[in-house]
Amino acid sequence: DKLKYVCDGFIVGSHFTSGYNYSLDDLRRINDYCKENKLKYYICIDNFINEEDRTQIYSYFDFIKGLNVDGIYFHDLGIYSIAKELNLHNKLIYDGYTILCNSLDVAFYMSKGLSGVVLSRELTFTELETIVRNNPKCCDVMIFGHPRMSYSKRKFLTNYFKEINIHYDYLNKKTLSLVEEKRNYKMPIIEDQSGTKIYTDYILQMYKELPIIKPYINRAIVDTLFIDDDKVIAALRDYKHVTSENADFLLEGLYTKYPDNYSTGYLYQKTNITKDEQD
């Protein structure tokens, strides 16, 4: 209810999704809610799929097909074969997180009949703009949130708490952070049954950039993970009205009312820069 007036739809997930683990009954209720309120509804499957998941993922896709969702975001390429068998591949949106970095890759995945792709969060703005201009209305871009830095099937938190001999209910917790030995910033970390995900310490924002790429992109994604609702609503409201002329004003308002560690991420720096170069 808080968000429905400032966004066009929702991306949610269940068994094969980290961070947004709704039940099937929840997904059905949210689906009905979105249709009643004329909102888009997308299911996210962002975990790797194991061979033993095969039966369950087929059952999950049957369930999704019954919902008639607007799209399915996926990470594991094995999902494509299953979706194609069920004639759902035209609803797929491929999100490889760090993989989609050039126009040829975008064209390749779109040639497979997909609904769209999500570009890498590590692109410079020059690269991003070039790709979306070359592939108009094919690409989704994350414009707000904590980008995922790492996904490993290794159980980092399991091993850590085992090593220090402390019992703690850490599965699916959104309150834990990782602090490296020689750096003082906190990176949110989540472990679930599929592995461990680590996110950036900063919140990516693209206030000044969105007006430039908006005519060419398909969807702009605001990721709410680890962020308070009020801050999310403020950002969504701003993005609805942001232009090249008012971007600085809106950004200053966000910084003032909701202070946090905001950043443009890698938009204006090389991803392969060394620490010595940065210093």
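In which handedness of crossing, left-handed or right-handed, does helix 1 pass helix 2? In this predicted model, the crossing of helix 1 past helix 2 is right-handed. The contact draws on Leu 24, Leu 27, Arg 28, Asn 31 and Lys 35 from helix 1, which meet Tyr 60, Phe 63 and Leu 67 from helix 2. Sorted by class, the residues joining helix 1 and helix 2 comprise five nonpolar, one polar and two charged.

The geometry of this pair can be described in two numbers, because packed helices are characterised by the angle between their axes and by the distance separating those axes. Here, helix 1 (residues 24–36) packs against helix 2 (residues 54–67) at an angle of about 20 degrees, and the two axes lie 11 Å apart. Helix 1 is therefore roughly parallel to helix 2, since angles under 35 degrees fall in that class.

Elsewhere in the model, attention turns to Glu 191, a residue of strand 9 (residues 187–192). Is this glutamate buried or exposed? With a relative accessibility of 1%, Glu 191 counts as buried, because the cut-off for burial is under 20%. Beyond its neighbours within four places in sequence, Glu 191 touches Lys 155, Phe 156, Leu 157, Thr 158, Tyr 170, Leu 171, Asn 172 and Thr 196.

Two of these partners deserve a second look. The side chain of Glu 191 forms a polar contact with the side chain of Thr 158, at 2.5 Å. Glu 191 and Thr 158 are 33 residues apart along the chain, with their C-alpha atoms separated by 8.2 Å.

Terms used. Residues numbered from 1 in each chain as written. Predicted model: local features only at pLDDT ≥ 70, side-chain atom pairs only at ≥ 80, totals over all residues. Heavy atoms only, no water. Helix = DSSP H or I, 4+ residues; strand = E, 2+ residues; numbered from the N terminus. Buried < 20%, exposed > 50% of the residue type's maximum accessible area, 1.4 Å probe, protein only. Contact = heavy atoms within 4.5 Å. Polar contact = N/O pair within 3.5 Å; in protein donor to acceptor, adjacent residues only side chain to side chain. Axes fitted to C-alpha atoms, helices over the stretch in contact; angles between N-to-C directions. Parallel < 35°, antiparallel > 145°, perpendicular 65-115°, else oblique. Left-handed = near helix turned anticlockwise from the far one by under 90°. Nonpolar A, V, L, I, M, F, W, Y, C, P; charged D, E, K, R; others polar.
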